[in-house]
Amino acid sequence: MKKLVVGNWKMNGSLGANRQLLESVVAGMPKGELCDAAVCVPSIYLFQIQDLLGKTDLKWGAQDVSAHEQGAYTGEISAAMLRDLGCRFTLVGHSERRLYHGESDQIVAAKAQRALSCGVAPIVCVGESLAEREAGETMTVVKRQLAAVIHAVGHCVSEIVVAYEPVWAIGTGRTASPEQAQEVHAVLRNQLIAACGHSSAVPRILYGGSMNATNATDLLAQPDIDGGLIGGASLKAADFLSILSAASAE
Ligand code: PGA
């Protein structure tokens, strides 16, 4: 299966900066579509991004989606709206949403389900905090977070994407070692095999958390790491392109 590399711009960008960044990324993308690539942008820019990327190999998505279908939910954006704007993906349950917006496993699962129902693949983020890792709870936490989504989406589990993002590695420059990441990815893969009934139906499992041009090759070489979710390094064309090259070489 091709690797998938997704940029998570978080709350960064402007009309001018987006154009500049994406023009450089598209111009430098490895030829031959040896890996899949996407950017998850602030929703306010989706209209611009659709215009800029519509005829390119770079796909796009959002960073969050409402758990509700439509109606009186001021400030929310529905999965159908994301689909309208050409989104192939949306992040759900990013640790910054869980932490700053109190999103529970159940809310994250409802969002994943809502996205799938509109043909938008949810990139389900799971990951332990530093305190949880130090208490030996890593596997319990990530399995619980993923189980909620598996339970909600039922037989559609092969249509999601999973991203393992240890909270202590996000934006800190402190990456999980390839061995630490692989250990968790293998556990997640087994959980997904059990849910899908077959290993060939298992969705891609991305690693995220300070992945950059220097460490991408070693992380992506791990047998159970199927791609990356890239924050800071996705805002610099050269760095994002290096990660795309590393993913294309695998
Ligand atoms: P980072 O962010 O690459 O800046 O650590 C990853 C993420 O939060 O998705």
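**Reading a ligand site and a helix**

User: Which residue has a backbone N or O atom 2.9 Å from an oxygen atom of the ligand?

Analyst: That's Gly 232. A polar contact is a pair of N or O atoms within 3.5 Å. Taken alone, the ligand exposes 280 Å², and the protein buries 94% of that (Shrake-Rupley areas, 1.4 Å probe).

User: What am I looking at, and how are residues numbered?

Analyst: It's a predicted model, where local features need pLDDT of at least 70, side-chain atom pairs count only at pLDDT 80 or more, and totals for chains, interfaces and linings use all residues. Numbering runs from 1 along each chain as its sequence is written, and side-chain values use heavy atoms, leaving out hydrogens and water.

User: Which residues of H1 are buried?

Analyst: Buried means under 20% relative accessible area, exposed over 50% (1.4 Å probe, protein chains only). In H1, the buried ones are Asn 18, Leu 21, Leu 22 and Val 25. Seen down the axis of H1, they fall within an arc of 95° (directions from the axis to the C-beta atoms), so they line one face of the helix. Over on the other side of H1, Gln 20 and Ala 27 are exposed.

User: What covers the buried residues of H1?

Analyst: The cover, counting contact as heavy atoms within 4.5 Å, includes strand E2 (35-40), helix H2 (46-53) and helix H10 (237-249).

Methods: Helix = DSSP H or I, 4+ residues; strand = E, 2+ residues; numbered from the N terminus. Polar contact = N/O pair within 3.5 Å; in protein donor to acceptor, adjacent residues only side chain to side chain.
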